[in-house]
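Hi,

Here is the structure I promised to pass on. My notes on what turned up in it follow below.

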Amino acid sequence: MTRARLFASLCGLVFLVNLARIVFAPLLDVFIAEFGIGEATAGLIVTLAWVGSASPRLPTGWILTKVPRHHVVLVSGLVLAGSSALTATATTVEHLMIGAFLMGIASGIYFVSANPLLSELYPTRIGRILGIHGAASQVAAVIAAPFVALTLLVDWRLSLWAIAVGAAAITVYTWFAARNAELPTAGDADRDFVAGALSEWKLIVTALAIVGAASFVWQGLFNFYELYMQSKGLSDWAAGMMLTIIFAAGVPAFFFGGDLADRFPHVPYLLGIVGAFSASVLVLTQVEGLIGLIVLSTVVGFIIHALFPAIDTYLLDTLPDSTRGSAYAVFSSTWMLMQALGSSAVGSLVESGYAYDTVFASAAVVLGATVVVLVLVERTGRLPG
């Protein structure tokens, strides 16, 4: 029961952590209008949030070899509360960029410490637990657009103040829950960050090869999804609805994707997800009309969100206690840096005159080609799993 309370508090905290990263996507139109910037600069703001999410993951991994995981989780909540309040007071683009970067840092600290903690709290149900935890974070993504739309009736800054207050409250509750819980000791064996990461380099490289390009494409896609849908002739309201749909499909995807990750061989399952994502994005670029876009948005959203609990399960289930925190931190930081550039890349290409359909169709074809190569390598038995 005490572990269940801690798990519930972590689900609440991850909801706000993910909302802090996603909230910038539906605010892009507001930033462009209020600060007088172009798509490339707007994309850079989102990129900074994700670069911020990547930047503390390596040092956090080292800290986890010295400090209990739940202590680091509590720090992430405090950082989120403070950085959200700072961003809410932004009056310049530079101030806004700094705030976005710091809010990203909070999420990086959280995921590197919380995911190993969850895998050790429930070692026999890693996929299912990560799936439920991921579904809680995905609910934040679902409500991000309507949440921002509601706060815009008052002021866009209200959305950031709400995150700040919520993060402070849930961090306090998490502290009480952790203090009363029977915490696992598996992480005590992970005490050499460099040696632990180096010993698992093949697994880390394999995981990055499988999901790196897919997450890069996904970052560029969802952060510009509203503008992309508007380019297909949808109204502002309908475009916002599409963004909500693509995230809503992720709620069941996390739950079922995590459960399936416990049942299927890890590498073939992951390659199947990435291949299906590539195909669905390619089809999306060819579709016009409201009904077709609703269907494809649902398909794309479900497939890509099934990828995240699957890759975490692959790593956290395969890594031994002695290297889990260290190796996962190295993977997580590198992965986030790879995908963080997606928004900036798409924004730059669109501002240069390329159509959204052209950009995303080209990305889907390249991604599909990488999947074919990885499938051939996997059939030779050279991918660790």
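**The pocket and the cavities**

The largest pocket is lined by 14 residues, and the ones nearest its centre are Ala145, Ala149, Glu226, Asp236 and Gly240. A pocket here is found on a 1 Å grid over the protein atoms alone, as an open set of points with protein on both sides within 12 Å along at least five of seven lines, and a lining residue has an atom within 4 Å of a point. Before I go on: this is a predicted model, where local features need pLDDT of at least 70 and side-chain atom pairs count only at pLDDT 80 or more, while totals for chains, interfaces and linings use all residues. Residues are numbered from 1 along each chain as its sequence is written, and side-chain values use heavy atoms, with hydrogens and water left out.

Back to that pocket. It holds about 290 Å³ of space (a volume is the space filled by probe spheres set on the grid points, which are joined across faces, edges and corners). Helix H2 (28-35), H7 and helix H12 (236-248) each supply at least two residues of its lining, and H12 gives the most, with five residues. Helices are DSSP runs of H or I with at least four residues, numbered from the N terminus.

A cavity is a set of grid points where a 1.4 Å probe fits but cannot get out, and the count comes to two cavities of 30 Å³ or more. The largest cavity has a volume of about 400 Å³. Of the 27 residues that line the largest cavity, Asn18, Arg21, Phe111, Phe254 and Phe308 are the closest to its centre. Helix H1 (2-22), helix H6 (93-121), H7, helix H10 (201-223), helix H15 (290-318) and helix H16 (324-351) are the elements that give two or more residues to that lining.

**Salt bridges**

Side chains of opposite charge can pair when their charged atoms come close. Taking a salt bridge as a side-chain nitrogen of Lys or Arg within 4 Å of a carboxyl oxygen of Asp or Glu, the count comes to nine.

One of them joins Glu120 and Arg324, at 3.2 Å from N to O. That pair links distant parts of the chain, with Glu120 in helix H6 and Arg324 in helix H16, 204 residues apart. Buried means under 20% relative accessible area, exposed means over 50%, and partly exposed is in between (1.4 Å probe, protein chains only). Glu120 is buried at 7%, and Arg324 is buried at 8%. Arg324 also forms a salt bridge with Asp321, where the closest N and O atoms are 2.8 Å apart; Asp321 is partly exposed, at 35%. Put together with Arg69, these residues make up a network of salt bridges: Arg69, Glu120, Asp321 and Arg324.

Another salt bridge is between Asp259 and Arg128, at 3.0 Å from N to O. Asp259 lies in helix H13 (residues 250-261) and Arg128 in helix H7, so this pair ties together parts that are 131 residues apart in sequence. Asp259 counts as buried, with 14% relative accessibility, whereas Arg128 is partly exposed at 35%.

Ser113 is in helix H6 and is buried, with a relative accessible area of 0%.

His266 lies in helix H14 (residues 266-284) and counts as buried at 13% relative accessibility. Its side chain makes a polar contact with the side chain of Asp317, at 3.4 Å.

**One more pair**

Ile303 lies in helix H15 and counts as buried, at 16% relative accessibility. Ile303 and Gly257 are 46 residues apart in sequence, and 8.8 Å apart in space from C-alpha to C-alpha.

Cheers

Terms used:
Polar contact = N/O pair within 3.5 Å; in protein donor to acceptor, adjacent residues only side chain to side chain.
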